2 protein chains.
Amino acid sequence: MRLPTLTQLRHLVILAETHHFGRAAEAAFVTQSTMSASIKELELTLGQTLIERTKRQVQITPLGAEVVARAKDILNETEDLVALVSAAQGVLTGTLRLGIIPTIGPFLLPRIWPTLHRDYPGLKLELQEDKTARLLVDLSEGKLDAALIAFPYEVDLFKQLVFADDPFLVVLPKKHPLCEKERLTARDLKKENLLFLDHGNCLRDHILSASGFHEGSLSQTMKATSLLTLVQMVDAGFGLTLLPKMAVDAGLLRGTGLQVRPLEAAKSSRRIGLVFRRTNPRTEDFGALAELLRDELGTPLPPSRKSEKS
Amino acid sequence: MRLPTLTQLRHLVILAETHHFGRAAEAAFVTQSTMSASIKELELTLGQTLIERTKRQVQITPLGAEVVARAKDILNETEDLVALVSAAQGVLTGTLRLGIIPTIGPFLLPRIWPTLHRDYPGLKLELQEDKTARLLVDLSEGKLDAALIAFPYEVDLFKQLVFADDPFLVVLPKKHPLCEKERLTARDLKKENLLFLDHGNCLRDHILSASGFHEGSLSQTMKATSLLTLVQMVDAGFGLTLLPKMAVDAGLLRGTGLQVRPLEAAKSSRRIGLVFRRTNPRTEDFGALAELLRDELGTPLPPSRKSEKS
DNA sequence: TACACTAATCGATATTTTCGATTAATGAGT
DNA sequence: ACTCATTAATCGAAAATATCGATTAGTGTA
């Protein structure tokens, strides 16, 4: 099916308004001959006469009037489309499909939400919470635009903007002997029963690394699937754990009698960053988002390392 | 505001379906370079990137997806427009704005309606009932496509298709002396009190002419504005009148005690015809309509006179 | 009859679209 | 590390299309 041109439709609409080829041409910023040819071509493609040409005046046939009405709709919709895209010109406007891992999402998002909403009211976030591995797959498949994940992690396929450092804190019951000390080391934890998240969660690996434990040395009995569960277990006296400061700041320990102590170790923190495909045209957006996150978290960016591996 | 091309939008939609420039090009029956250029041009006019080009695969940005959705709508509407016009291809389809005079309308339309509906289900009549003069003005101004009027009438501006002859019948009370005669002449009516429609109605002029009366010779006291009123007045004994056979056939005298007699006179009938602008492209439609009317009325067309004047 | 007005038409030009061929970038297989 | 295959972008040429200015033909008016 051969379609008419938007230009032809526009010409028809103008002609229907002016009822005069000459003035219609003027209004459309073309010559009368162009207007004439345009209408003629339109009638040819449609196979029907839309305009009744009296020498003195131009009459629209009933069919022509129907076509004019529809043409107006089509033109309006097209203009709306252009307007929509134009409105999405600024940084961080439109839809952004953002992945986020569960050990960051609940603690980071509520913190930045108000600012994000205030500074970029045109932004619509579509959030997806999942493990890092799954997020990166979706990212590479184009189902996500960006993801907020924790480093170190192997992400050479993607660009990354690391914007925060998130130290680990040792969580222990109030009466625990280690509460006496202001600062704890990996050595202090050696003989404790440490509780970890389940396999496949990046935080588990990070904390294992921070605390100097190894897979083999764990008592396999206790594995939680969420930080909240973990906290409940520690509160119930099953052992100790480590939590990212971000989670503690967000009030994860509220209502419990648990204490926290900083950990002195080689890798006593995770880094938080934004990853996205190198080919994604919205780098400016991601820069702005990372900037906002950095400001909001108030933590200075640690000495930059271009690629961190776990 | 510069608008994108429908071709570009179509290419975008296809590309969004295939996620592959080469296959999209194939599906759009163009080369890959054309597809590439088309999308690029579209992005240029919109001022935003809609497609994220990975070397291995093509990703649609969220904004692009929105544009694709709207583009689909626009394309569908345009195709609907074409379909609409195509559907209006046959004779007597679509809207026809038809004027009709009050002394024809109520008697002719109910008669042809079923056939018209059966033979041309795609036809939508927009009827306007008015005096001949008014109809012709609207016709020349393009507010009507055609009009059904009675001849003789001066209509040289328009094309005309006369399709029926409608004789006048003398209407008189059952006990009237003239009922004795099988056929009446103008001479018989000379001394009778004839009742006519009001000024400005073409039937008045036609009947005046048929009955041999002149404006000056009338008793000005009785003037009706509709045929129904006229009949009521005759039934009440105020005098005689003449009615077109068409009206009598349609049952205008039903429920009255009135008789009819044929009139023998030079101009003892009016002719019924269709008029329309010479420039109107739907001559075929009008021919078909006149044909249908002629068949339906069962009256052979009188010897053709190209232009009848009153 | 001459004149003004209007839409169609025509030939020339300008612009746009499309194509085929080539290039550059990337990933896969050896 | 080195092809090879795949894919989108690019480029110049050719084709198609749109536009223009000038002219023509048809109508109504003075």
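A salt bridge, as the term is used here, is a side-chain nitrogen of Lys or Arg within 4 Å of a carboxyl oxygen of Asp or Glu. One such pair joins the two protein chains: the side chains of B:R277 and A:E52 meet in a salt bridge, with 2.4 Å from N to O. By this rule, 2 salt bridges are found across the interface of chain A and chain B.

Before I continue, a word on conventions. This is a predicted model, in which local features need pLDDT of at least 70 and side-chain atom pairs count only at pLDDT 80 or more, while totals for chains, interfaces and linings use all residues. Residues are numbered from 1 along each chain as its sequence is written, chains are lettered from A and ligands numbered from 1 in the order in which they are written, and side-chain values use heavy atoms, with hydrogens and water left out.

I turn to the interface as a whole. The size of an interface is often given as the accessible area lost when the parts come together. Chain A and chain B bury about 4000 Å² between them, and 67% of that is on carbon and sulfur atoms; buried area is the accessible area (1.4 Å probe) that two parts lose on being put together, summed over both. In chain A, the residues that lose the most area to chain B are A:E52, A:P62 and A:L81, together 15% of what that side buries. With contact taken as heavy atoms within 4.5 Å, 47 residues of chain A and 47 residues of chain B take part.

Which element gives the largest share of the side of chain A that touches chain B? That element is α4(A), with 17 residues. Helices (H or I, at least four residues) and strands (E, at least two) are DSSP runs, numbered from the N terminus. By class, this side of chain A has 19 nonpolar, 14 polar and 14 charged residues. Here Ala, Val, Leu, Ile, Met, Phe, Trp, Tyr, Cys and Pro count as nonpolar, Asp, Glu, Lys and Arg as charged, and the others, Gly among them, as polar.

Next, the DNA. DNA strand D is surrounded by 18 residues, the closest being A:T31, B:Q32, B:S36, B:K40 and B:R53; a residue is near a strand if one of its heavy atoms lies within 4 Å of it. Sugar and phosphate make up 66% of the atoms of DNA strand D that come within 4 Å of the protein. The base side is represented by A:S33, which has a polar side-chain atom 3.1 Å from a base oxygen of DNA strand D. On the phosphate side, a polar backbone atom of B:F21 is 3.3 Å from a phosphate oxygen of DNA strand D. Of the surface near DNA strand D, α3(B) gives the largest share, 4 residues.

Finally, some local features of chain B. The peptide bond from B:F151 to B:P152 is cis, with omega near 5°, and B:P152 lies in the loop between β5 (146–151) and β6 (158–173). Both B:F151 and B:P152 are among the residues in contact with B:H206, a residue of helix α8.

Is B:H206 buried or exposed? B:H206 counts as buried because its relative accessibility is 8%, and buried means under 20% relative accessible area, exposed over 50%, partly exposed in between (1.4 Å probe, protein chains only). B:L92 has a positive phi, near 50°, and is buried at 0% relative accessibility.

Note on methods. A polar contact is a pair of N or O atoms within 3.5 Å; within protein, one must be able to donate a hydrogen and the other to accept it, and residues adjacent in sequence count only if both atoms are side-chain atoms. Lists of a residue's contacts leave out its neighbours within four places in sequence.
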